[in-house]
Amino acid sequence: MINFRNTRFMALAANIKDCPDSTMPEIVMSGKSNVGKSSLINALADNKKLARVSSAPGKTRAVIYFNVDRKLLIADLPGYGYARVSKELKGTFSKLADDYFTSGRSFNLILHLMDIRHSPSKEDVAMLEYMNANNLPYFVIFTKCDKFSKQQMRKRLDELSNELDFDENARIYAVSSQNGVGIAELREGINDYIFNTDNDEA
Ligand SMILES: Nc1nc2c(ncn2[C@@H]2O[C@H](COP(=O)(O)OP(=O)(O)O)[C@@H](O)[C@H]2O)c(=O)[nH]1
Ligand SMILES: [Mg+2]
(Lines give C-alpha, C1' and ligand atoms only; values in the text may rest on other atoms or scores of the structure.)
(Ligands and ions follow the chains in the order given, each with its own letter.)
Protein backbone atom coordinates (compact mmCIF):
# COMPACT_ATOMS: atom_id res chain seq x y z
CA MET A 1 0.00 0.00 0.00
CA ILE A 2 1.27 3.44 -0.95
CA ASN A 3 2.06 5.61 2.07
CA PHE A 4 0.15 8.78 1.11
CA ARG A 5 1.51 10.52 4.19
CA ASN A 6 4.89 10.45 2.50
CA THR A 7 3.89 13.04 -0.11
CA ARG A 8 6.25 15.83 -1.11
CA PHE A 9 6.07 18.81 -3.43
CA MET A 10 8.07 17.92 -6.51
CA ALA A 11 7.86 20.56 -9.24
CA LEU A 12 5.88 23.42 -10.67
CA ALA A 13 5.37 23.77 -14.42
CA ALA A 14 3.96 26.95 -15.94
CA ASN A 15 4.16 25.48 -19.41
CA ILE A 16 3.43 22.06 -20.84
CA LYS A 17 7.06 21.79 -21.96
CA ASP A 18 8.24 22.25 -18.38
CA CYS A 19 6.27 19.28 -17.09
CA PRO A 20 8.77 16.78 -15.69
CA ASP A 21 9.40 13.48 -17.40
CA SER A 22 8.52 10.67 -15.16
CA THR A 23 8.72 6.94 -14.99
CA MET A 24 6.17 6.84 -12.19
CA PRO A 25 2.43 6.38 -12.66
CA GLU A 26 0.59 9.69 -12.69
CA ILE A 27 -2.76 10.86 -11.41
CA VAL A 28 -4.30 14.08 -12.72
CA MET A 29 -6.62 16.25 -10.63
CA SER A 30 -9.45 17.67 -12.71
CA GLY A 31 -12.33 19.98 -11.91
CA LYS A 32 -13.19 23.61 -11.73
CA SER A 33 -11.51 26.10 -9.45
CA ASN A 34 -12.61 25.92 -5.85
CA VAL A 35 -14.04 22.41 -6.10
CA GLY A 36 -11.45 21.22 -3.59
CA LYS A 37 -8.55 19.76 -5.58
CA SER A 38 -5.77 21.16 -3.40
CA SER A 39 -7.68 20.31 -0.23
CA LEU A 40 -8.10 16.74 -1.43
CA ILE A 41 -4.37 16.37 -2.05
CA ASN A 42 -3.76 17.64 1.46
CA ALA A 43 -6.35 15.26 2.89
CA LEU A 44 -4.89 12.26 1.06
CA ALA A 45 -1.44 13.20 2.36
CA ASP A 46 -2.77 14.12 5.81
CA ASN A 47 -0.78 17.35 5.55
CA LYS A 48 -2.63 20.65 5.56
CA LYS A 49 0.43 22.59 4.44
CA LEU A 50 1.20 20.65 1.30
CA ALA A 51 -0.93 22.07 -1.51
CA ARG A 52 -1.98 25.65 -1.20
CA VAL A 53 -5.68 25.93 -0.49
CA SER A 54 -7.28 29.05 -1.83
CA SER A 55 -10.69 30.54 -1.22
CA ALA A 56 -10.16 32.83 -4.23
CA PRO A 57 -10.89 30.78 -7.35
CA GLY A 58 -8.62 30.57 -10.34
CA LYS A 59 -5.34 31.49 -8.72
CA THR A 60 -3.35 28.45 -9.71
CA ARG A 61 -1.65 29.10 -13.04
CA ALA A 62 0.74 26.19 -13.09
CA VAL A 63 0.65 22.44 -12.91
CA ILE A 64 1.92 21.47 -9.49
CA TYR A 65 3.45 18.03 -9.04
CA PHE A 66 3.55 15.98 -5.91
CA ASN A 67 5.55 12.84 -5.39
CA VAL A 68 3.66 10.27 -3.34
CA ASP A 69 5.92 7.82 -1.52
CA ARG A 70 8.25 7.76 -4.54
CA LYS A 71 5.67 5.54 -6.25
CA LEU A 72 3.18 7.93 -7.77
CA LEU A 73 2.87 11.46 -9.12
CA ILE A 74 -0.12 13.70 -8.57
CA ALA A 75 -0.54 16.59 -11.01
CA ASP A 76 -2.72 19.44 -9.73
CA LEU A 77 -4.02 21.26 -12.81
CA PRO A 78 -4.94 24.95 -12.93
CA GLY A 79 -8.70 25.46 -12.72
CA TYR A 80 -10.67 24.31 -15.68
CA GLY A 81 -9.02 23.60 -18.98
CA TYR A 82 -10.17 21.47 -21.82
CA ALA A 83 -10.99 23.99 -24.55
CA ARG A 84 -10.72 21.24 -27.11
CA VAL A 85 -13.18 19.14 -25.18
CA SER A 86 -15.92 21.32 -26.56
CA LYS A 87 -15.55 24.12 -29.10
CA GLU A 88 -18.47 26.10 -27.79
CA LEU A 89 -16.77 26.35 -24.42
CA LYS A 90 -13.53 27.63 -25.86
CA GLY A 91 -12.15 30.72 -24.24
CA THR A 92 -13.42 29.90 -20.80
CA PHE A 93 -10.57 27.51 -20.19
CA SER A 94 -6.93 27.65 -19.29
CA LYS A 95 -4.60 26.67 -22.10
CA LEU A 96 -2.28 24.80 -19.81
CA ALA A 97 -4.95 22.40 -18.58
CA ASP A 98 -6.21 21.95 -22.11
CA ASP A 99 -2.70 21.15 -23.34
CA TYR A 100 -2.41 18.57 -20.63
CA PHE A 101 -5.01 16.35 -22.23
CA THR A 102 -4.11 16.97 -25.85
CA SER A 103 -0.29 17.05 -25.84
CA GLY A 104 0.08 13.30 -25.67
CA ARG A 105 1.42 13.27 -22.13
CA SER A 106 0.65 9.94 -20.57
CA PHE A 107 -1.12 9.54 -17.26
CA ASN A 108 -2.81 6.63 -15.56
CA LEU A 109 -5.90 8.04 -13.92
CA ILE A 110 -7.93 11.25 -13.74
CA LEU A 111 -9.68 12.23 -10.54
CA HIS A 112 -12.58 14.37 -11.72
CA LEU A 113 -13.95 16.41 -8.82
CA MET A 114 -17.43 17.88 -8.55
CA ASP A 115 -19.03 19.65 -5.59
CA ILE A 116 -21.80 17.35 -4.36
CA ARG A 117 -24.05 20.33 -3.62
CA HIS A 118 -24.01 21.81 -7.11
CA SER A 119 -25.50 20.76 -10.40
CA PRO A 120 -22.75 19.59 -12.73
CA SER A 121 -21.60 22.47 -14.92
CA LYS A 122 -21.40 22.47 -18.73
CA GLU A 123 -17.67 21.97 -18.27
CA ASP A 124 -18.22 18.92 -16.06
CA VAL A 125 -20.56 17.36 -18.60
CA ALA A 126 -18.13 18.14 -21.42
CA MET A 127 -15.23 16.68 -19.47
CA LEU A 128 -17.15 13.46 -18.73
CA GLU A 129 -18.07 13.15 -22.40
CA TYR A 130 -14.46 13.76 -23.37
CA MET A 131 -13.12 11.14 -20.97
CA ASN A 132 -15.77 8.63 -22.07
CA ALA A 133 -15.16 9.26 -25.77
CA ASN A 134 -11.39 8.92 -25.40
CA ASN A 135 -11.47 5.96 -23.02
CA LEU A 136 -9.56 7.90 -20.39
CA PRO A 137 -9.66 6.14 -17.03
CA TYR A 138 -11.23 8.27 -14.31
CA PHE A 139 -12.76 8.25 -10.88
CA VAL A 140 -15.57 10.69 -10.11
CA ILE A 141 -15.07 12.39 -6.76
CA PHE A 142 -17.91 14.29 -5.14
CA THR A 143 -16.40 16.79 -2.73
CA LYS A 144 -17.53 18.72 0.35
CA CYS A 145 -19.78 15.91 1.59
CA ASP A 146 -19.54 17.31 5.12
CA LYS A 147 -22.22 19.75 4.00
CA PHE A 148 -24.75 16.88 3.83
CA SER A 149 -26.08 14.25 6.20
CA LYS A 150 -25.45 10.63 5.22
CA GLN A 151 -29.04 10.31 4.09
CA GLN A 152 -28.96 13.48 1.99
CA MET A 153 -25.70 12.32 0.52
CA ARG A 154 -27.12 8.98 -0.62
CA LYS A 155 -30.12 10.66 -2.20
CA ARG A 156 -27.89 13.18 -3.95
CA LEU A 157 -25.57 10.45 -5.26
CA ASP A 158 -28.56 8.63 -6.74
CA GLU A 159 -29.75 11.82 -8.45
CA LEU A 160 -26.31 12.56 -9.84
CA SER A 161 -25.77 9.02 -11.10
CA ASN A 162 -29.03 9.26 -13.04
CA GLU A 163 -28.25 12.69 -14.37
CA LEU A 164 -24.69 12.04 -15.48
CA ASP A 165 -23.25 9.60 -17.97
CA PHE A 166 -20.45 7.75 -16.18
CA ASP A 167 -18.26 5.18 -17.83
CA GLU A 168 -19.18 1.73 -16.53
CA ASN A 169 -15.64 1.27 -15.19
CA ALA A 170 -15.51 4.61 -13.43
CA ARG A 171 -15.59 4.47 -9.66
CA ILE A 172 -17.58 7.01 -7.72
CA TYR A 173 -16.39 8.41 -4.39
CA ALA A 174 -18.01 10.81 -1.97
CA VAL A 175 -15.46 12.59 0.17
CA SER A 176 -14.86 15.43 2.56
CA SER A 177 -11.42 16.91 3.00
CA GLN A 178 -12.78 18.67 6.04
CA ASN A 179 -14.00 15.73 8.14
CA GLY A 180 -12.17 12.93 6.34
CA VAL A 181 -15.20 11.03 5.02
CA GLY A 182 -14.24 8.77 2.14
CA ILE A 183 -10.53 9.63 2.20
CA ALA A 184 -9.29 6.21 3.36
CA GLU A 185 -11.50 4.53 0.73
CA LEU A 186 -10.11 6.80 -1.96
CA ARG A 187 -6.50 6.08 -0.94
CA GLU A 188 -7.27 2.39 -1.19
CA GLY A 189 -9.06 2.80 -4.53
CA ILE A 190 -6.12 4.68 -6.03
CA ASN A 191 -3.64 2.14 -4.70
CA ASP A 192 -5.66 -0.77 -6.08
CA TYR A 193 -6.22 0.87 -9.42
CA ILE A 194 -2.62 1.94 -9.98
CA PHE A 195 -1.01 -1.24 -8.73
CA ASN A 196 -3.73 -3.61 -9.88
CA THR A 197 -4.01 -5.39 -6.58
CA ASP A 198 -7.63 -6.15 -7.54
CA ASN A 199 -6.31 -8.51 -10.17
CA ASP A 200 -4.01 -10.37 -7.81
CA GLU A 201 -6.80 -11.84 -5.75
CA ALA A 202 -7.80 -14.61 -8.13
N1 LIG B 1 -16.72 22.32 3.67
C2 LIG B 1 -15.71 21.95 2.90
N3 LIG B 1 -14.96 22.88 2.26
C4 LIG B 1 -13.94 22.46 1.48
C5 LIG B 1 -13.64 21.09 1.30
N6 LIG B 1 -12.60 20.99 0.44
C7 LIG B 1 -12.26 22.26 0.11
N8 LIG B 1 -13.05 23.16 0.73
C9 LIG B 1 -12.97 24.63 0.64
O10 LIG B 1 -13.19 25.03 -0.70
C11 LIG B 1 -12.32 26.11 -1.06
C12 LIG B 1 -11.48 25.73 -2.28
O13 LIG B 1 -10.64 24.64 -1.96
P14 LIG B 1 -9.34 24.32 -2.82
O15 LIG B 1 -8.80 23.03 -2.29
O16 LIG B 1 -8.39 25.48 -2.86
O17 LIG B 1 -9.97 24.10 -4.27
P18 LIG B 1 -9.22 24.03 -5.71
O19 LIG B 1 -9.31 25.39 -6.31
O20 LIG B 1 -9.99 23.03 -6.50
O21 LIG B 1 -7.81 23.59 -5.44
C22 LIG B 1 -11.48 26.40 0.18
O23 LIG B 1 -12.08 27.46 0.88
C24 LIG B 1 -11.57 25.11 0.98
O25 LIG B 1 -11.42 25.32 2.36
C26 LIG B 1 -14.46 20.11 1.99
O27 LIG B 1 -14.29 18.89 1.90
N28 LIG B 1 -15.47 20.61 2.78
MG1 LIG C 1 -5.96 24.37 -6.04
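Start with Phe-166. Is Phe-166 buried or exposed? Its relative accessible area is 17%. The cut-off for buried is under 20%, so Phe-166 counts as buried. Keep in mind that this is a predicted model.

Where does Phe-166 sit? Find the loop between α4 and β7. Phe-166 is in that loop.

Now its surroundings. Leaving out residues up to four places away in sequence, Phe-166 touches Met-114, Leu-128, Asn-132, Tyr-138, Val-140, Phe-142, Leu-160, Ser-161 and Ile-172. Take Tyr-138 from that list. Tyr-138 and Phe-166 are 28 residues apart in sequence. In space, their C-alpha atoms are 9.4 Å apart.

Next, Phe-142. Setting aside neighbours within four places in sequence, Phe-142 has contacts that include Met-114, Leu-157, Leu-160, Phe-166 and Ile-172. Phe-142 also belongs to the largest nonpolar core, which has 34 residues. Which residues have the most contacts inside that core? They are Tyr-65, Tyr-100, Phe-101, Ile-110 and Phe-142. At least two residues each come from β1, β3, β4, α2, β5, α3, β6 and α4. There is also a second, separate core, with 28 residues. Leu-40, Leu-109, Leu-111 and Ile-183 are among them. As a general point, nonpolar side chains in soluble globular proteins tend to be buried together.

On to the sheet. Seven strands make an open sheet with mixed pairing. Read the order across: β1-β3-β4-β2-β5-β6-β7. The edges are β1, residues 7–13, and β7, residues 171–174. Each edge strand pairs on one side only. From one strand to the next, the twist averages 25 degrees.

A helix packs on this sheet: α5, residues 183–195. It touches β2, β4, β5, β6 and β7. The direction of α5 makes about 160 degrees with that of β7.

Arg-8 stands opposite Asn-67 in β3.

Last stop, ligand 1. How many residues surround ligand 1? The count is 17. The closest are Asn-34, Lys-37, Ser-39, Asp-146 and Ser-177. Some distances, then. A polar side-chain atom of Ser-39 is 2.6 Å from an oxygen atom of the ligand. For Lys-37, a polar backbone atom lies 2.8 Å from a ligand oxygen. For Val-35, again with a polar backbone atom, the distance to a ligand oxygen is 3.4 Å.

That's my tour. Over to you.

Conventions. Residues are numbered from 1 along each chain as its sequence is written. Chains are lettered from A and ligands numbered from 1 in the order in which they are written. This is a predicted model: local features need pLDDT of at least 70, side-chain atom pairs count only at pLDDT 80 or more; totals for chains, interfaces and linings use all residues. Side-chain values use heavy atoms; hydrogens and water are left out. Two strands pair if DSSP finds at least two bridges between them. Helices (H or I, at least four residues) and strands (E, at least two) are DSSP runs, numbered from the N terminus. Axes are lines fitted to C-alpha atoms, for helices over the stretch in contact, and angles run from 0 to 180 degrees between N-to-C directions. Contact means heavy atoms within 4.5 Å. A nonpolar core is a set of buried Ala, Val, Leu, Ile, Met, Phe, Trp, Tyr and Cys residues joined through side-chain atoms within 4.5 Å. Buried means under 20% relative accessible area, exposed over 50%, partly exposed in between (1.4 Å probe, protein chains only). A residue is near a molecule or strand if one of its heavy atoms lies within 4 Å of it. A polar contact is a pair of N or O atoms within 3.5 Å; within protein, one must be able to donate a hydrogen and the other to accept it, and residues adjacent in sequence count only if both atoms are side-chain atoms.
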